[in-house]
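Please examine the sequence and the three-dimensional structure shown below. The explanation that follows leads through them step by step.

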Amino acid sequence: RAIPFGFIMPRWLPLESNPDVVNAFLHPLGLPQQYNVVDVFGFDPEMLAFVPRPVLAVFLLFPYTDADEAAAPAQDAHPADSLFFMKQRPGIGNACGTIAALHALGNTQDKIHYAPDSYFARLFARQRSMTPEQRGDDLIADQELAGQHHEAAAQGQTECPHEDASVDLHFIAFACVNGTLYEFDGLKASPIPHGHTTPESLLEDAVALVKGTFMARSPDDPRFNVMALSAEN
C-alpha cells in the first residue's frame with residue numbers, strides 16, 4: 001500500500017504486556033475466541049504446566065540494550081517464503097507489540113483459521129507477496145490497525161506514556177516453523193533461527209532461550225515478561 005503524499009505517520013502507544021490488553025486487541029480484529037494470550041508466571045516445569053496447550057507462539061517483553069543490538073547476527077535480509085516477517089520502520093514509534101503479534105499470527109496461519117471477512121484474513125492476503133520492508137510500510141498506512149492498537153493500549157493498568165516517549169522495552173515473538181525455533185524481531189534484518197523445536201516443546205525451548213540468552217545479558221534487570229498464545233482444547 002503506497003503512503004500518500006502529506007500522510008502524517010501515527011505514533012503508537014506501547015502495548016502493555018498484559019494478556020487482557022493483548023486479547024482485547026487481537027479478538028476484535030479476527031483472532032478466533034478459542035485462541036488466547038496467557039501469562040507465563042514462571043519458568044520451572046511446574047509453572048509451565050499451567051500454560052494451556054497447545055502453545056502456538058511465545059511473546060517476550062524485555063529491556064532492549066546496546067548488548068541486544070550488538071548480539072544480532074548478520075542474517076539474510078530475504079527470509080524464506082514459509083516465514084512471515086515484517087520490518088519495524090523508522091519513526092513508527094512504539095509499535096513493537098503489534099508487530100510481535102503479527103509475527104505470531106502470521107507464522108501460525110496453518111493452525112488458525114480466520115473468518116474470510118476478518119481484518120487478519122484481509123491483512124495476510126494483502127501482504128502475502130510483500131517484502132518485509134513493504135509490510136512495514138503497509139503497517140504505517142493502516143489506520144484500522146493503528147486505531148485498534150491505540151484503543152487496546154489505553155486499556156492497560158499502567159499509565160500510558162506519550163506517543164513520542166522513548167521506551168527501552170521491546171516486544172518480540174517466537175514460533176515453531178518447519179521444526180525450527182525462530183525469533184521474530186522487527187528491528188532485526190530477518191528472522192533468527194535458534195535450532196530444532198516442535199509444537200509440543202515450543203514453550204519450553206523458547207523459555208530456555210529467554211533464560212540463557214536474553215536474561216543472561218541483563219541478569220539484574222527484573223523487566224522481563226513472557227506470554228504465550230494458546231489454543232483451547
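This is a predicted model: local features need pLDDT of at least 70, side-chain atom pairs count only at pLDDT 80 or more; totals for chains, interfaces and linings use all residues.

Which residues are linked with Arg 126 in a network of salt bridges? The network joins Arg 126 to Asp 138 and Asp 142. Side chains of opposite charge can pair when their charged atoms come close.

The protein chain contains eight helices and six strands. Read from the N terminus, its elements follow the order α-β-α-β-α-α-α-α-α-β-β-β-α-β. Of the 233 residues in the protein chain, 51% are buried. Among the contacts with a separation of 6 or more, 74% are between residues 24 or more positions apart.

The next subject is the sheet. Strands of a sheet pair through backbone hydrogen bonds, either parallel or antiparallel. In this model, six strands form an open sheet in the order E1-E6-E2-E3-E4-E5, and their pairing is antiparallel. Strand E1 (35-39) and strand E5 (192-196) are the edge strands, each of which pairs on one side only. On average, neighbouring strands of the sheet are turned by 25° against each other, with direction ignored. Five bridges connect E1 with strand E6 (residues 225-231) in the antiparallel sense. Within these two strands, Tyr 35 stands opposite Ala 231 of E6.

Helices pack on this sheet. Helix H1 (residues 19-26) touches E1 and E6, and the direction of H1 makes about 160° with that of E1. Helix H4 also packs on the sheet, where it touches strand E2 (55-63), strand E3 (169-177), strand E4 (180-184) and E6. The direction of H4 makes about 5° with that of E3.

Is helix H4 mostly covered or mostly open? Helix H4 spans residues 96-106 and is mostly covered, with eleven of its eleven residues buried. Among these buried residues are Cys 96, Ile 99, Leu 102, His 103 and Leu 105.

Helix H4 also meets another helix. The axes of H4 and H5 come within 12 Å and cross at roughly 80°. Angles of 65 to 115 degrees count as roughly perpendicular, and therefore H4 is roughly perpendicular to H5. On the H4 side, the contact is made by Leu 102, Leu 105 and Gly 106, while H5 contributes Phe 120, Leu 123 and Phe 124. Sorted by class, the residues in this contact are five nonpolar, one polar and no charged.

Val 210 lies in helix H8. Why does Val 210 count as buried? The relative accessible area of Val 210 is 1%, and buried means under 20%, so Val 210 falls in that class. Leaving aside residues up to four places away in sequence, Val 210 touches Phe 43, Leu 60, Phe 174, Met 215 and Val 226. Val 210 and Phe 43 are 167 residues apart along the chain, yet their C-alpha atoms are separated by 9.8 Å.

The account now returns to the salt bridges. The side chains of Glu 204 and Arg 53 form one of them, at 2.8 Å from N to O. This pair links distant parts of the chain, 151 residues apart: Glu 204 belongs to helix H8 (residues 202-217), whereas Arg 53 lies in the loop between helix H2 (45-48) and E2. Glu 204 counts as partly exposed because its relative accessibility is 31%, and Arg 53 counts as partly exposed because its value is 28%.

Another salt bridge joins the side chains of Glu 144 and Arg 122, at 3.3 Å from N to O. Glu 144 is in helix H7 (residues 143-153) and Arg 122 is in helix H5 (residues 119-127), so that this pair, 22 residues apart, also links distant parts of the chain. Both partners count as partly exposed, Glu 144 at 40% relative accessibility and Arg 122 at 37%.

Are the partners of the salt bridge between Glu 183 and Lys 188 buried or exposed? Their side chains meet at 3.4 Å from N to O. Glu 183 counts as buried because its relative accessibility is 3%, and Lys 188 counts as buried because its relative accessibility is 9%.

How values were computed. Residues are numbered from 1 along each chain as its sequence is written. Side-chain values use heavy atoms; hydrogens and water are left out. Buried means under 20% relative accessible area, exposed over 50%, partly exposed in between (1.4 Å probe, protein chains only). Helices (H or I, at least four residues) and strands (E, at least two) are DSSP runs, numbered from the N terminus. Two strands pair if DSSP finds at least two bridges between them. Axes are lines fitted to C-alpha atoms, for helices over the stretch in contact, and angles run from 0 to 180 degrees between N-to-C directions. Contact means heavy atoms within 4.5 Å. A salt bridge is a side-chain nitrogen of Lys or Arg within 4 Å of a carboxyl oxygen of Asp or Glu. Angles under 35 degrees count as roughly parallel, over 145 as roughly antiparallel, 65 to 115 as roughly perpendicular and the rest as oblique. Ala, Val, Leu, Ile, Met, Phe, Trp, Tyr, Cys and Pro count as nonpolar, Asp, Glu, Lys and Arg as charged, and the others, Gly among them, as polar.
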